[in-house]
Amino acid sequence: AQTLDRLGYAPHPARDKSAQSARNHAERTRLIRMAIAGALAGNSTLLAVSLYAGAFEGIDAAHATLFRWISMGIGWLSLAWPGATFFRSAWVACRNRAASLDQPLALALGVGAVAGTVNVIAGRGESYFDSRSVLVFLLLVGRFLQSRQQRWAAEAVGLTLSMTPDGCRVVRDGRVVEESSEGLNVGDEV
């Protein structure tokens, strides 16, 4: 259990009310992160549309600078809380000397954010904070759907196991005896 916890997977008892409560709490946290990431991505995208439209139609330089700074703030917020999931997971994988899909994601998000920040401060180039915010949102949606499918699969397995009888009647030496289902052998008459 400690090894699993170090790897970033907190173990819970299989058929325990506290495990169900922990799963519900984790799912609720995922939903909240996803909702916040979606709101930040939407706002960042609206700012980007304004900047891109202003590039064609003409936008006041002060407004363009303001929108870029606001976009940078929203982008960093997106990385700081909803996107922190990927950084934490990447750090756990590095600490355990294991490979993880979150490592290249965290690296790309971090390097892109730093490059975008440099561009905003220097007042040149694109920052793409809108793209990073949307990417964090879509990755969290994917994570949520994956965890939901895993949870449904685990519940289906649990239901199947709960319907499997623990004991059975076996004919041994002409007599019917009660035994554990796990003690059955090939050729037993059940």
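**Pocket lining and nonpolar core**

Helices α2, α3 and α6 each supply at least two residues of the lining of the second largest pocket in this structure, which is a predicted model. The volume of this second largest pocket is about 320 Å³, and 20 residues line the pocket, with L51, Y52, R68, G125 and E126 lying nearest its centre. When the lining of the second largest pocket is divided by class, 10 residues are nonpolar, six are polar and four are charged.

The largest nonpolar core comprises 12 residues, namely M34, A37, M72, L79, F86, L109, A113, V120, F129, V136, L140 and F144. Two or more residues of this core are given by each of the elements α2 (17–57), α3 (61–80), α5 (102–122) and α6 (129–163), and the largest share, four residues, comes from α6. For A37, a member of this core, the contacts formed when residues up to four places away in sequence are not counted are with P82, S133, V136, F137 and L140; V136 and L140 are likewise listed among the core residues.

A charged residue, E27, is found in helix α2. E27 is classed as buried because its relative accessible area, 15%, falls under the 20% cut-off.

Methods
Residues numbered from 1 in each chain as written. Predicted model: local features only at pLDDT ≥ 70, side-chain atom pairs only at ≥ 80, totals over all residues. Heavy atoms only, no water. Core = buried A, V, L, I, M, F, W, Y, C linked by side-chain atoms within 4.5 Å. Buried < 20%, exposed > 50% of the residue type's maximum accessible area, 1.4 Å probe, protein only. Contact = heavy atoms within 4.5 Å. 1 Å grid on protein atoms, 1.4 Å probe; cavity = no way out; pocket = protein on both sides within 12 Å on 5 of 7 lines; lining within 4 Å. Points joined across faces, edges and corners; volume = space filled by probe spheres on them.
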